[in-house]
Structures are given as structure tokens and as C-alpha cells.
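These are my notebook entries on one structure. I record what I looked up, entry by entry.

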Amino acid sequence: MINVGILGSTGRVGSLLIDDLQVDENANLSAVHVFSKLTRTLPEDTVVTNDMAVLFESSDVIIDFSAPEGTEALLTEVVENGARKPLVIATTGFNKHQQNLLLQASQLVPVLYATNMSLGVAVLNKLVALASKTLRDFDIEIVEQHHKHKVDSPSGTALTLAEHAANARDLNLDEVRVSGRDGQIGARTKDEIAVMALRGGDIVGRHTVGLYNDGEFLELNHTATARNTFSKGAIKVAKWIVGKEAKLYSINDALGL
């Protein structure tokens, strides 16, 4: 039985993680880290703490669905304070410092980082890379839709999809990405990759990667209809990463893609 600690337990997916772990046959909820008061009921033996060190001591692996500041504190515990437990991180919206911390921590402990814990999105990334490379002359446009409460834009998932598309064409995404069009902007450039965001209602998550050419187009789409798609995916990869060597892993590694 693997003891799982949660960072971000008061969030939407964090709450689902708590529920899913209570019925999992091979993983157990051991501890939750909270920055504020936790209002829901937990199993009696669950450690509830605001001390990052205690979270590490109580867990075999930690799943993080928090915010960039929370992930920064988690990674700092590894890099500066010697904590040594595997990490599964699904937080998005990192700044450069937080990205560097992620890389530093992965040299000390196994870290699986994914902007989306959906198994379907993992396969979609592979399909996008294949389509982008094969259909080299097709224009690529990516549209992502999320609920009105999402704070980062574009979504980390959309940016990851765009990275797969750009890398397949040997392009630097930072140089070709467009995330808005307005006014007399001229014709679309050849290598341009657009990543557009829509926000509204309670949309869990929808990502569409379109490849458009004269006379035909192809659209690859993934729609999440329930948030426990992400919690169940995170638990699956958390079981996988326990016992692995220190390294930065992707969800593709866990799925053997």
C-alpha cells in the first residue's frame, strides 16, 4: 500500500483525490497539506498539516494540484531542506524561478510533471506531434476552453500541445506562438502557431488542435467531462513513480508512450 500525500487538497481536483484515494486498493491517503482550514471530513488516520516537512515525513509520494506558490514551497523543501520523496506535479503557470526549481528538484528526487494528468491528453500530445511533422504545410491553430474561474491563460495543456507541434517542425514555440489577433494584422505567417483561450461557465476542459490546408483540414480534440479524469490519472502515475531514480519524468514515461 502506497501512502500518498496531497498538496492542494482544498482545490477542485484535490478534493477528488481525497475521494478517489479512499476507495483505491493500492494507494492510501496519508497526509494533506493545507494553507487554510480544511472544511471536509477525512479518514481518522490522515495527517493534516501546514508544515511541508511533516507532509514529506508522512508520505511515500506527494501529488501536487496547488498553485505556483505552493509548488515553489514544495520544491524548496527538496532543494534547500533535504526532503527526499517522489513528486507528481500538475500545477501550471510557473515563472522562470519556479521552472528552475523544478529542474533542480528532479536531480534529487523523481519528479513527474504534467500540465494535464488525463491519459487521453497524453495520447493527444503524441498525435499532435505526428500530425504536425507529417502535415508540414498545414497551418496549426489551437483553441482551449475552460471554466470561468481558471486563472492562467493559455492553459498549460494548450501550451504543451503547442510545444509538441513546434518541436515536431524544429521550431521555437516562443518565436512562432500567437495568442491574440486584433485589427489589421496582415496575413497569417507560414510557421505561426496560434493558441487561443476561451473562458466561461463550468467547462472542465476542452482542447482542439486544428491543422488547416487548402481543400482540407484535420482537427484533433479532447474533452474532459469530469474532473476525476485528472485525479485518477495522477494516482495512476503516483503509483508508477515510487521507486524510480531521480529524474524529470513526463506522463508519457509512465504510460510507456
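Predicted model: local features only at pLDDT ≥ 70, side-chain atom pairs only at ≥ 80, totals over all residues.

I take contact to mean heavy atoms within 4.5 Å. I number residues from 1 along each chain as its sequence is written, and side-chain values use heavy atoms, with hydrogens and water left out.

**Entry 1**

I began with Asn-116, which is found in the loop between β6 (110-113) and α5. Helices (H or I, at least four residues) and strands (E, at least two) are DSSP runs, numbered from the N terminus. I call a residue buried under 20% relative accessible area, exposed over 50%, and partly exposed in between (1.4 Å probe, protein chains only). Asn-116 counts as buried because its relative accessibility is 10%. Not counting residues up to four places away in sequence, Asn-116 touches Val-121, Thr-157, Phe-230 and Ile-251.

I then checked polar contacts (a pair of N or O atoms within 3.5 Å; within protein, one must be able to donate a hydrogen and the other to accept it, and residues adjacent in sequence count only if both atoms are side-chain atoms). A polar side-chain atom of Asn-116 lies 2.7 Å from the backbone nitrogen of Ser-118. Ser-118 in turn caps the N-terminal end of α5, with a side-chain oxygen 3.1 Å from the backbone nitrogen of Gly-120.

**Entry 1: helix α5**

The expected span of a helix is 1.5 Å times one less than its number of residues. The 16 residues of α5 (residues 119-134) should therefore span 22 Å, and the end C-alpha atoms are 23 Å apart, which agrees. I found Val-121, Ala-122, Leu-124, Asn-125, Val-128, Ala-131 and Ser-132 buried in α5. Their cover includes β7 (139-146), α6 (156-168), β10 (205-213), β11 (216-224) and α9 (251-255).

Ser-155 is found in the loop between β7 and α6. Ser-155 counts as buried because its relative accessibility is 1%. A polar atom of the Ser-155 side chain lies 3.0 Å from the backbone nitrogen of Ala-158. Apart from neighbours within four places in sequence, Ser-155 is in contact with Glu-144, His-146, Lys-150, Arg-199 and His-207.

**Entry 2: the cores**

I define a nonpolar core as a set of buried Ala, Val, Leu, Ile, Met, Phe, Trp, Tyr and Cys residues joined through side-chain atoms within 4.5 Å. The largest has 33 residues, and those with the most contacts inside it are Val-32, Ile-63, Phe-65, Val-88, Leu-112 and Met-117. Its largest share, 6 residues, comes from α8. A second, separate core of 19 residues includes Val-128, Ala-158, Leu-161 and Leu-173.

**Entry 3: the sheet**

In what order do the 7 strands of the open sheet lie? I read β3-β2-β1-β4-β5-β6-β12, with parallel pairing. Two strands pair if DSSP finds at least two bridges between them. The edge strands, β3 (47-49) and β12 (247-249), each pair on one side only. Strand β2 (residues 27-33) runs parallel to β3 and is joined to it by 3 bridges; Ala-31 has Val-47 in β3 as its bridge partner.

**Entry 4: helix α3**

Helix α3 (residues 68-79) has 12 residues and reaches 16 Å from first to last C-alpha, close to the 16 Å expected. Its buried residues include Pro-68, Gly-70, Leu-74 and Val-78. Among the elements covering the buried residues of α3 are β1 (2-7), β4 (61-64) and α4 (96-106).
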